[in-house]
Amino acid sequence: MLAETVCSAVSAAGLGIAAITAYRKRFLAATRIAAYSLIPVGLVMTGVVQWVSGIVFKPSVWLGFGLLGVAWLLLMTTRAVERRGGGTRKERKAAAAAQREAVAPTASAPSLAAGRAPAAQPVPKANAKPAASEDFSDIEAILKKHGI
């Protein structure tokens with residue numbers, strides 16, 4: 001009963017504002033305001049307001065919304081953990097095994113042994129220029145192709 005009274009008051013106020021707007025010769029805006037102000041009365045007359053108020057005041061409906069929220073939270077948490085962790089346990093084991101088997105093609109034997117100290121790297125001289133590498137030939141070809 002209270003919701004119907006509030007909707008009627010809102011509609012009456014909206015129609016009053018529409019009348020004032022029409023008096024100021026703004027007929028298009030007045031028509032739009034009148035259309036919006038008729039919506040609450042239309043909702044009361046169709047029974048939508050009674051249906052919504054019946055849902056709002058039932059505790060079982062709120063428990064249902066709470067359960068839907070918990071389900072959504074659980075789904076989002078599992079998706080975030082899966083993205084961060086790399087998938088299922090089987091997928092993580094396969095990735096770890098592949099990582100152990102993956103070895104750089106030019107790796108030396110000491111670098112593959114577990115528990116050994118890394119071999120000492122030769123220190124390049126300060127005035128020595130780096131030798132041209134095969135890796136840069138592709139880059140040079142691309143740059144020449146584009147005229148750079």
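In which helix does Ser11 lie? In this predicted model, Ser11 belongs to helix α1.

The protein chain contains seven helices and zero strands. Read from the N terminus, its elements follow the order α-α-α-α-α-α-α. Of the 148 residues in the protein chain, 8% are buried. When contacts between residues at least 6 apart in sequence are considered, 36% of them join residues at least 24 apart.

Helix α1 spans residues 2–23 and helix α2 spans residues 27–46. The axes of the two helices, α1 and α2, come within 8 Å and cross at roughly 170°. Because angles over 145 degrees count as roughly antiparallel, α1 is roughly antiparallel to α2. On the side of α1, the contact is made by Glu4, Cys7, Ser8, Val10, Ser11, Gly14, Leu15, Ile17, Ala18, Thr21 and Ala22. On the side of α2, it is made by Phe27, Ala29, Ala30, Ile33, Ala34, Ser37, Leu38, Pro40, Val41 and Val44. By class, the residues of this contact of α1 with α2 comprise 15 nonpolar, five polar and one charged.

Two serines of this contact, Ser11 of α1 and Ser37 of α2, can be described individually. Ser11 has a relative accessibility of 2% and is therefore counted as buried, the cut-off for buried being under 20% relative accessible area. Apart from neighbours within four places in sequence, Ser11 is in contact with Ser37, Leu38, Pro40 and Val41. Ser37, located in helix α2, has a relative accessibility of 5% and so also counts as buried. With neighbours within four places in sequence again left aside, the contacts of Ser37 are with Ser11, Gly14 and Leu15.

Gly16 lies in helix α1 and is partly exposed, at a relative accessible area of 32%. The C-alpha atom of Gly16 is separated by 8.6 Å from that of Ala34, and these residues are 18 apart along the chain. Ala34 is one of the α2 residues that make the contact with α1. Ile20 is also found in helix α1, and with a relative accessible area of 47% Ile20 is partly exposed. Between the C-alpha atoms of Ile20 and Ala30, 10 residues apart along the chain, the separation is 8.0 Å. Ala30 is likewise among the α2 residues of the contact with α1.

The loop between α1 and α2 includes Lys25. Lys25 is exposed, with a relative accessible area of 65%, which lies in the range over 50% that counts as exposed. Its backbone has a positive phi of about 65°, although Lys25 is not a glycine. Most residues other than glycine have a negative phi.

How values were computed: Residues are numbered from 1 along each chain as its sequence is written. This is a predicted model: local features need pLDDT of at least 70, side-chain atom pairs count only at pLDDT 80 or more; totals for chains, interfaces and linings use all residues. Side-chain values use heavy atoms; hydrogens and water are left out. Helices (H or I, at least four residues) and strands (E, at least two) are DSSP runs, numbered from the N terminus. Buried means under 20% relative accessible area, exposed over 50%, partly exposed in between (1.4 Å probe, protein chains only). Contact means heavy atoms within 4.5 Å. Axes are lines fitted to C-alpha atoms, for helices over the stretch in contact, and angles run from 0 to 180 degrees between N-to-C directions. Angles under 35 degrees count as roughly parallel, over 145 as roughly antiparallel, 65 to 115 as roughly perpendicular and the rest as oblique. Ala, Val, Leu, Ile, Met, Phe, Trp, Tyr, Cys and Pro count as nonpolar, Asp, Glu, Lys and Arg as charged, and the others, Gly among them, as polar.
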